[in-house]
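Colleague: I would like to learn how to read the helix packing and the core of a model. Please take me through one case.

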Amino acid sequence: MASGTQGQRNCVGCGRAIAFDANVCPYCGHDYRVQMAPAQYQPQISEGMKIVFYILSFLIPLIGIIIGVIYYTKPDAESKNVGKMCIILALLAIVIGAVCWAAVWSTAWWAL
Ligand SMILES: [Zn+2]
């Protein structure tokens, strides 16, 4: 973290050094009174979204893995869990698909 002069901090809006207790950035006008604490990063994934993700992961494993990786890299635990589930479902679908294909092909092979 870049530490400026004591009593100063870098504006989150424009990056310039401003007084630590400044309410409003004199350079870009960023208002610190509105948002004193950094906003909690809490992307809520609705239950409906999760179900859509899981179904997609199972039906189209490639999309499942992409969604899974995207969500697994998010900082919050809920997204991580959703991402993990998507990857597991996608891998499961690939395994089941491979087994089915093997079964179909071996059957077809014997039928010939
Ligand atoms: Zn600023």
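The dialogue below goes from the overall fold to the helix pairs and then to the core.

Modeller: This is a predicted model, in which local features need pLDDT of at least 70, side-chain atom pairs count only at pLDDT 80 or more, and totals for chains, interfaces and linings use all residues. Residues are numbered from 1 along each chain as its sequence is written.

Colleague: Which pattern does the protein follow along the sequence?

Modeller: Helices (H or I, at least four residues) and strands (E, at least two) are DSSP runs, numbered from the N terminus. Here the pattern is β-β-α-α-α, with three helices and two strands.

Colleague: How many residues has α3, and what does it reach from its first C-alpha to its last?

Modeller: The expected span of a helix is 1.5 Å times one less than its number of residues. With 35 residues, α3 reaches 50 Å, close to the 51 Å expected.

Colleague: How should I read a helix pair?

Modeller: Two packed helices are described by the angle between their axes and the distance between the axes. Axes are lines fitted to C-alpha atoms, for helices over the stretch in contact, and angles run from 0 to 180 degrees between N-to-C directions. Angles under 35 degrees count as roughly parallel, over 145 as roughly antiparallel, 65 to 115 as roughly perpendicular and the rest as oblique.

Colleague: At what angle do α2 and α3 pack?

Modeller: The angle is about 160°, with the axes of α2 and α3 7 Å apart, so the two helices are roughly antiparallel. The axes of α1 and α2 come within 5 Å and cross at roughly 135°; α1 and α2 are therefore oblique to each other. Residues in contact (C-beta atoms, placed from the backbone, within 7 Å) include F53 and L56 of α1 and P61 and I63 of α2.

Colleague: Which residues of α3 are buried?

Modeller: A residue is buried if 20 or more other C-beta atoms lie within 10 Å of its own, exposed if 12 or fewer, and partly exposed in between, with C-beta atoms placed from the backbone. In α3 the buried residues are V82, G83, C86, I87, L89 and A90, and they pack against α1 and α2. Of the 112 residues of the protein, 12% count as buried.

Colleague: Which residues form the largest nonpolar core?

Modeller: Such a core is a set of buried Ala, Val, Leu, Ile, Met, Phe, Trp, Tyr and Cys residues joined through C-beta atoms within 7 Å. The largest has eight residues: F53, I67, Y71, V82, C86, I87, L89 and A90. α3 gives the most to this core, with five residues. Not counting residues up to four places away in sequence, V82 touches I45, K50, F53 and Y71.

Methods. Contact = placed C-beta atoms within 7 Å.
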